[in-house]
Amino acid sequence: MKIVYNIIFFYNEERIKYLLKIINEIKKYKYETDIYIHTNIHFQLKKLVNYKNKLEIIVHDLSKINPFKLTYLGKLYMKKFIKNYDIFIYSEDDILIYNDSLNYWLEYKDVCFEHKYNLGFLRIEYFDENNIYLTDISSCFHEPKFIVLNNHTFLVNDKNPYSGCWIYDKKRMKDYIKSKYFNSVQLINPKTNNKIEIRESQAFGLHHLNNNYFKHTLIHVNKINKMNKINNHCFIHHMPNNYINNTKSRYGKLKINEII
């Protein structure tokens, strides 16, 4: 199995440290993974990190367009890979998809896809092991909905399925490319009928609630002492910790053990 990992990186020297963390984590992946970094300025990266598989920088000309469209151009570029890879990852430059998170996705994605659900992640920010907070969900699931698929229990994330990245297998990627959403620069928020920001639209992929491709996004849970507990491997790290450090934001304030 081969993986292609696409990272959107609008050049900022201070954020190169995030790229290095991502690449070093990808080294732990069991499967061969090629990395493509979509950016606006060519820069040297191979001198900073050793990586045995393909590590390529793709420069997009943004001089006459909205720079946020880098996310859109990077996603469109992925059409070139459809014959060569089995797993397709799209990610913003500050999202750390742990090796355990990828294995979590590989373990439960088939049962979810089989029943037309997306297997999701939850972004986290943290100070230490005892203070880990959710980035995109600001309140607990007061009346959580659970679905059992092939003896596996999942929480329905009907609050906010956004995670700054997405992973699809070849079938889902082909379906995405064929859909009207793949060529959409901006998605529409069904509640307000307003356009979603360009960057967020691309990072939603197929699993925005308004896309009607998946029924819902699910998070796997484990049964512990007859209680449903979030599978800890569903978490991915939003490395800048923007929300946890922002006292004015309602995000980054809900601890992971308080979600259900």
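Student: Is Thr135 buried or exposed?

Tutor: Before I answer, note that this is a predicted model, in which local features need pLDDT of at least 70, side-chain atom pairs count only at pLDDT 80 or more, and totals for chains, interfaces and linings use all residues. Residues are numbered from 1 along each chain as its sequence is written, and side-chain values use heavy atoms, with hydrogens and water left out. Thr135 has 0% relative accessibility, so it counts as buried; buried means under 20% relative accessible area, exposed over 50%, and partly exposed in between, with a 1.4 Å probe and protein chains only.

Student: Where is Thr135, and what does it touch?

Tutor: Thr135 lies in the loop between β8 (131-134) and β9 (146-149), where helices (H or I, at least four residues) and strands (E, at least two) are DSSP runs numbered from the N terminus. Leaving aside residues up to four places away in sequence, Thr135 touches Arg123, Ile124, Glu125, His238, Tyr243, Tyr251 and Gly252, a contact being heavy atoms within 4.5 Å.

Student: Switching to strands, why is β2 largely enclosed?

Tutor: Strand β2 (residues 32-39) is largely enclosed by the rest of the structure because 7 of its 8 residues are buried.

Student: And which strands pair with β2?

Tutor: Strand β1 (residues 2-8) pairs with β2 in the parallel sense over 7 bridges, and β2 also pairs in the parallel sense with strand β3 (residues 55-59), over 5 bridges; two strands pair if DSSP finds at least two bridges between them. Within β2, Ile35 is the bridge partner of Tyr5, and Ile35 also stands opposite Leu55 in β3.

Student: Which residues touch the most other members of the largest nonpolar core?

Tutor: They are Ile37, Leu45 and Met173, in a core of 87 residues, a nonpolar core being a set of buried Ala, Val, Leu, Ile, Met, Phe, Trp, Tyr and Cys residues joined through side-chain atoms within 4.5 Å. Helix α3 (residues 99-114) gives the largest share of this core, 8 residues.

Student: Last topic: how many disulfides are there?

Tutor: The count is 0, taking a disulfide as a pair of cysteine sulfur atoms within 2.5 Å. The sulfur of Cys140 has its closest cysteine sulfur in Cys234, 16 Å away, which is too far for a bond. Cys234 is in no disulfide either, as the nearest cysteine sulfur, that of Cys165, is 11 Å away.

Student: Is Cys234 buried or exposed?

Tutor: Cys234 counts as buried, at 0% relative accessibility, whereas Cys140, at 22%, counts as partly exposed.
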